[in-house]
Amino acid sequence: LTILRAKTALRRHSLSRPAARAVADGIISSEVSVFDYGCGHGSDVRLLASQGIKASGWDPALAPDSPKHPAEVVILSYVVNVIENAQERAEALKRAWELARSVLVVAARGLWDVRGIAGQQHEDGLVTRAGTFQKFFEQTELRNWIESCLGVQPVAAGPGLFYVFRDSGRAQGYLASRFRQRLAVPRQRQADVLFDRYRPAFDGLMSFFAERGRLPRAEELPAAAELSHELGSIRRAFAVVRRVTGGEGWEDIVRKRVHDLLVYIALAKFGRRPRFSQLPQDLQYDIRDFFGSYTAACETADRLLFGAGKKEAVEEACQRSALGKLTQNALYVHASAVPMLDPLLRVYEGSARVLSGEIPGANIVKLHRRRAQVSYLTYPRFDSMGHPTLTGGVTVNLARLEIDQRDYGSWPNPPVLHRKELFVAPGYPRRDMFARLTAAEERAGLLQGGLLIGTALDWASALKDRGFVVRGHRLQRRSPTAQPPA
Ligand SMILES: C[S@@+](CC[C@H](N)C(=O)[O-])C[C@H]1O[C@@H](n2cnc3c(N)ncnc32)[C@H](O)[C@@H]1O
């Protein structure tokens, strides 16, 4: 049996999935140096360098003479899955970690990739027809293996993709930011002399409050010191803000930030929940201000986590949810609306995301009601098409801790979406347009119960039978010569 490792390396014209994810997450930027350990033909090194990022790499087969040196971020991308010897595999992981000053990005192929790959069983993987070895990891298996080799708990960044942070505070900061909603600053309604005089400082104070839902400590915002000095205290300064802006919206921000933090603390239980002193300073202040103590915060978060594991509680929260489309089996929401769901449903969804990491392209989240399961569905052109079709899905089974990935791209008759306004939150850019299309389809009798419309072909024939076409978000009468819509 001959195993050809170098043959696994591909030449790429765009960044690999792990490198692209790390750029999107701000892990890789022009501020940091990157070292690609097992870089193959060096496509990522070249592409990162072309974006002005200091990048270099080494590969035992394809770039053996390049020096190995430390960098802020080290990438170990699809390397461990091509090494058949368990000891050498662990060695590669450890060597890469030694070079990482700040973050190690580890990517490996997942069990979901195994479909359609033929090969001969060898050690704990397969030797493919092309003569390359491939080990396919379960998500939890990969996480546990990284932790057992390095003694550090990695954070899931996507299926088969983990970040290992040198500084546990940074890991917590990354996790917390993933569960933080983006909120707008409440609008100012009336002017005030003080407010105008110290406008830049007040703007800083309002942005800080919108970001964290609490007042800043002096060291967190230099402008706060100026306001405290001029107005007596930061509390007084904020009282001015409340008067000027009419006070609306600030309580709402506090409530949402408390929820964000609870969701994060609840989900941190899946790793080993950090000690208070291991949290970044800003999170420590959040916890003191919102809950009084970390113990109190953890108790509240644990109640939420317990609820998210109870079928009846999930069921009740799904039924109560003002957001999302409720069907017999599930509550469906657009990914942008997930942070606005009830905290219990956010923890339910988040438990799945802790396991799977982010699913690129997925825009509809299906919270199953009958079993502990969350699916991430991809409906391309959700915004521009009246009735987008499903091309892929990743399902996370929370009872078995497994993930499964399916590609519907080549299905002749994939599911289609209707009533898109139900999936998104109020304020979503084209929500009114979605609702107008639904109203027109209702008037035309196209959405009546009993009519089969759930898949692309059924929907096309329902439209045709009733003499309609949908163009973009317009329902039009089909003229005898009308072409079917693209
Ligand atoms: C599938 S390729 C991945 C290449 C590149 N990282 C990427 O993502 O495009 C696997 C690479 O791992 C390299 N490799 C094999 N054994 C290794 C080891 N012990 N340490 C580092 N790299 C290794 C191979 O030479 C090959 O180029």
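Helices (H or I, at least four residues) and strands (E, at least two) are DSSP runs, numbered from the N terminus. The structure is a predicted model, in which local features need pLDDT of at least 70 and side-chain atom pairs count only at pLDDT 80 or more, while totals for chains, interfaces and linings use all residues. Residues are numbered from 1 along each chain as its sequence is written, and side-chain values use heavy atoms, with hydrogens and water left out.

Under this assignment, Glu230 is placed in helix α8 (residues 222-231). Its relative accessible area of 42% makes Glu230 partly exposed; buried means under 20% relative accessible area, exposed over 50%, and partly exposed in between (1.4 Å probe, protein chains only). Glu230 and Thr327 lie 97 residues apart along the chain, and their C-alpha atoms are separated by 56 Å.

Two packed helices are described by the angle between their axes and the distance between the axes. For helix α3 (residues 86-99) and helix α4 (residues 139-150), the axes come within 10 Å and cross at roughly 70°. Axes here are lines fitted to C-alpha atoms, for helices over the stretch in contact, and angles run from 0 to 180 degrees between N-to-C directions. Helices α3 and α4 are therefore roughly perpendicular to each other, given that angles under 35 degrees count as roughly parallel, over 145 as roughly antiparallel, 65 to 115 as roughly perpendicular and the rest as oblique. The crossing of α3 past α4 is right-handed; the term applies if the near helix is turned clockwise from the far one by less than a right angle, and left-handed if anticlockwise. In the contact (heavy atoms within 4.5 Å), Arg89, Ala90, Leu93, Lys94 and Trp97 of α3 meet Trp145, Ile146, Cys149 and Leu150 of α4. By class, this contact has seven nonpolar, no polar and two charged residues, where Ala, Val, Leu, Ile, Met, Phe, Trp, Tyr, Cys and Pro count as nonpolar, Asp, Glu, Lys and Arg as charged, and the others, Gly among them, as polar.

In helix α11 (residues 281-291), the buried residues are Leu283, Gln284, Tyr285, Asp286, Ile287, Phe290 and Phe291. These buried residues pack against α5 (168-178), α7 (199-212), α10 (250-268) and α12 (294-308). Gly292, with a positive phi near 85°, follows α11.

Strands β5, β6 and β7 form an open sheet in the order β5-β6-β7, with antiparallel pairing; two strands pair if DSSP finds at least two bridges between them. Strand β6 (residues 125-128) pairs with β7 over two bridges in the antiparallel sense, and Phe133 in β7 is the bridge partner of Val127. The loop between β5 and β6 contains Glu123, a residue other than glycine whose phi is positive, near 45°. Glu123 counts as exposed at 58% relative accessibility.

Antiparallel pairing also joins strand β8 (residues 155-158) to strand β9 (residues 161-165), over three bridges. Val155 is opposite Tyr163 in β9. The two strands β8 and β9 form a hairpin with two residues between them, and Gly160 in the turn has a positive phi of about 65°.

A positive phi of about 55° is found at Arg381, although Arg381 is not a glycine. Arg381 is placed in the loop between β13 (373-378) and β14 (392-397) and counts as exposed, at 57% relative accessibility.
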